[in-house]
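Reader: Hi, could you walk me through this one slowly? I am new to reading structures.

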Amino acid sequence: MSFFAQPLWMLFVILAVYQFALWLRKTTGSVWLPPILTCTVLLIAYLKLFGVDYQYFQKGAEVVDFWLKPAVVVLAVPLYQQRKKIIQLWLPITVSQVLGSIVGLVSGVWLARLFGAADIVAVSLAAKSVTNPIALDITLSLNGIPAITAVGVIFAGLTGQILGFKLLEVLGIKTMSAQGLALGSASHALGINAAWQRGPEYAAYATLGLILNGILSAIIAPYLIPWLFA
């Protein structure tokens, strides 16, 4: 194993690239340079340049992956802080999330068909707006291709992170709760990331959107998607 593939060095590279991506985004102020996209491009270039196998990269990333799990729990803090407002809005939240889940599933199938994709590809893109672990399970239950789903999830996340707030503002949707729920429902974790930059209140609703969309999509998809192909 070369020095450039050592787990500790790979961990350093991952953290350094992420810090650079944050600096680049802050310096340029460009919405077209989200850190996750910059990191992905630079890390792929690194692996190719130094001939590092993905398995070695994964070993270095295990530490980051481990700490991501407890870090997700932190998202419960702003959610708890907004619990009274959320309870007051339970009816519009429920209705919007059910409709949002249906639209998210149908739009994935519709877009794939619009561009002439095969049915199995359309099925695999149905869960594009669902957080990745749940999206993959949904796809497997529908006999789709998980790899295609993963790409769709990333694309939906990046689209929401880059254009989410701008699109909502153009459409005249300016309420904090509506914006947060929309981003979390349509763009999952990356939507939460974009919402967090506006404040913890936005992140609370985005987190709620991610959770509810994941649960509802898992319930609705096995019945709705086969019906679309009937």
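Author: Let us begin with a definition: a contact means heavy atoms within 4.5 Å. Among contacts in the protein between residues at least 6 apart in sequence, those joining residues at least 24 apart make up 66%.

Reader: Where do these numbers come from?

Author: This is a predicted model, in which local features need pLDDT of at least 70 and side-chain atom pairs count only at pLDDT 80 or more, while totals for chains, interfaces and linings use all residues. Residues are numbered from 1 along each chain as its sequence is written, and side-chain values use heavy atoms, with hydrogens and water left out.

Reader: ok, so how many helices and strands?

Author: The protein has 11 helices and 0 strands, where helices (H or I, at least four residues) and strands (E, at least two) are DSSP runs numbered from the N terminus.

Reader: And how much of the protein is buried?

Author: Of its 230 residues, 39% count as buried, which is to say under 20% relative accessible area with a 1.4 Å probe, counting protein chains only.

Reader: Can we zoom in on helix 6? Which residues are buried there?

Author: In helix 6 the buried residues are I93, Q97, S101, G104, L105, G108, V109 and A112. An α-helix has 3.6 residues a turn, so residues three or four places apart point the same way.

Reader: What do the buried residues of helix 6 pack against?

Author: They pack against helix 5 (83-88), helix 7 (119-124), helix 10 (176-196) and helix 11 (200-228).

Reader: What follows helix 6?

Author: After helix 6 comes G116, which has a positive phi, near 75°.

Terms used. Buried means under 20% relative accessible area, exposed over 50%, partly exposed in between (1.4 Å probe, protein chains only).
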